[in-house]
Amino acid sequence: MSVHVSQSAHKIQLWRRLGSVQYRDSSLLQRQHLSSFSSKADRNDDLVTLEASPDTGVATLRMHRSPANSLSMEMMQSISGAIRKAESDRKIQSLILTSSLPSGIFSAGLELTELYQPDLARLPKFWESFQQLYLDLYGSRLSTIASIGGPAPAAGCMLSLSCDYRIMTDNPKCTIGLNESQLGIVAPPWLAQQYIDVIGNRNAELALLLGTLFTPQQALTVGLVDELVCSGDSSIDEMAQRKAAEFIRIPPKARVAAKELTRGTQIAKLSGNREEDTEFFCSFVTTDTVQKTLGSYLEMLAKRKK
Ligand SMILES: CCCC/C=C/CC(=O)SCCNC(=O)CCNC(=O)[C@H](O)C(C)(C)COP(=O)(O)OP(=O)(O)OC[C@H]1O[C@@H](n2cnc3c(N)ncnc32)[C@H](O)[C@@H]1OP(=O)(O)O
């Protein structure tokens with residue numbers, strides 16, 4: 001146990017060092033450019049839909065926060081709420097997580113306007129919602145299947161990593177991975193650990209350093225996704241339903257106990273370290289260096305669109 005604690009402390013130290021170039025520089029408060037990217041607080045609950053089918057035991061959680069299912073605080077709370085709602089129905093044993101946006105984008109990761117020139121009172125709550133979403137999805141009693149019909153960068157990839165099984169559309173334009181380093185930021189230790197657990201240490205090491213976004217074929221090769229759906233094959237939804245049925249045939253107690261074997265330690269680790277993790281995130285993201293890089297990244301996104 002003490003080994004885990006010291007390893008975790010070391011990882012956080014590395015994480016902190018990256019952001020410690022200029023700590024909480026006052027220029028953060030000068031909201032002079034990129035004014036169109038002001039922080040948004042969602043005002044309605046219509047961000048996700050949960051459709052539960054007691055006959056099959058499968059619930060489908062559809063994300064539809066336009067335009068890219070980026071994860072604002074309210075979006076993360078809505079997803080967490082829907083997971084808990086599905087879990088509270090004892091007839092439900094499996095959850096399919098998918099997007100119903102017309103673009104097909106699975107999730108563009110954290111809402112960048114929550115990170116760039118952030119509302120400092122909201123920032124810790126935003127991060128706690130991210131931690132909570134990880135704990136709710138990764139630790140769910142349900143068998144969880146990510147049906148990934150479009151891009152899933154960064155925290156979008158986290159959503160899929162937190163599921164038990166990942167099915168992706170085989171379209172090279174749909175990429176997946178933890179690309180944080182390309183934004184001048186770094187994934188938190190618990191998210192990096194998920195990556196390591198799924199694709200192995202060396203693959204994760206390289207991909208985290210380079211901020212790699214994998215094409216579906218590459219993702220299949222490294223084990224980041226479990227199955228690809230080619231256009232013309234049976235639809236991704238049908239495949240997800242089939243996989244859900246396969247999980248449901250396993251006695252639930254055994255299935256949940258098996259999940260605990262591989263995920264319990266990481267879940268306990270973050271659960272016991274949330275305040276410290278939040279503190280580090282807030283100090284890291286508000287450094288002048290990170291803010292400048294995030295500003296440039298947002299500009300690049302806007303230009304690319306034009
Ligand atoms: C400090 C420690 C924290 C560490 C953890 C970080 C985890 C994260 O999740 S950071 C977020 C990383 N996310 C990204 O890098 C994704 C950026 N987006 C894209 O690469 C692309 O948008 C896409 C591949 C997801 C989709 O490309 P597509 O060409 O189909 O659509 P776009 O025209 O680019 O985007 C549509 C629309 O959505 C807005 N948008 C995209 N991503 C985000 C985002 N993460 N936050 C806020 N808004 C986003 C984009 O600006 C477009 O908006 P408009 O239509 O209004 O122009």
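This is a predicted model: local features need pLDDT of at least 70, side-chain atom pairs count only at pLDDT 80 or more; totals for chains, interfaces and linings use all residues.
Let us begin with the whole chain. It has 12 helices and 8 strands; these are DSSP runs numbered from the N terminus, with helices being H or I of at least four residues and strands being E of at least two. Of the 306 residues, 42% count as buried. Here a residue is buried if 20 or more other C-beta atoms lie within 10 Å of its own, exposed if 12 or fewer do, and partly exposed in between, with C-beta atoms placed from the backbone. Contacts tell us about the fold too: two residues are in contact if their C-beta atoms, placed from the backbone, lie within 7 Å. Among contacts with a separation of 6 or more, 80% come from residues 24 or more positions apart.

Now look for the sheet. Six strands form an open sheet with mixed pairing, in the order β1-β2-β3-β4-β6-β8; two strands pair if DSSP finds at least two bridges between them. At the edges stand β1 (48-53) and β8 (227-229), and each has a single partner strand, so one side of each is left without a neighbour in the sheet. From one strand to the next, the twist averages 20°. Helix α2 (residues 73-88) packs on this sheet, touching β1, β2 (58-63) and β3, and its direction makes about 10° with that of β1. For such angles, axes are lines fitted to C-alpha atoms, for helices over the stretch in contact, and the angles run from 0 to 180 degrees between N-to-C directions.

β1 and β2 run antiparallel and are joined by 6 bridges, with Thr49 partnered by Arg62 in β2. Their hairpin has 4 residues between the strands, and Gly57 there takes a positive phi near 80°.

Follow the chain into the loop between β2 and α2, where Pro67 lies. The peptide bond from Ser66 to Pro67 is cis, with omega near 5°. Asn69 lies in this loop between β2 and α2 as well, and its phi is near 55°, a positive value in a residue other than glycine. Asn69 is buried, with 29 other C-beta atoms within 10 Å.

Next comes β4 (residues 143-148), where 6 of 6 residues are buried. In a regular strand the side chains alternate between the two faces of the sheet. In β4 both faces are covered: Ser143, Ile145 and Ser147 are buried on one side, and Thr144, Ala146 and Ile148 on the other.

What about the nonpolar core? Such a core is a set of buried Ala, Val, Leu, Ile, Met, Phe, Trp, Tyr and Cys residues joined through C-beta atoms within 7 Å. The largest one has 78 residues, of which Leu61, Ile79, Ile167 and Ile176 touch the most other members. Leaving aside residues up to four places away in sequence, Leu61 touches several residues, including Val48, Ile79 and Leu95.

Finally, find the ligand. It is surrounded by 25 residues, the closest being Ala108, Gly109, Leu110, Ala154 and Ala155, where near means a C-beta atom, placed from the backbone, within 6 Å. The elements giving two or more residues to this shell are α3 (112-115), α11 (274-285) and α12 (288-305), and α11 gives the most, with 3 residues. One of the closest residues, Ala154, sits in the loop between β5 (152-153) and α5 (155-161). Ala154 has a positive phi near 50° and counts as buried, with 26 C-beta neighbours inside 10 Å.

Technical notes. Residues are numbered from 1 along each chain as its sequence is written.
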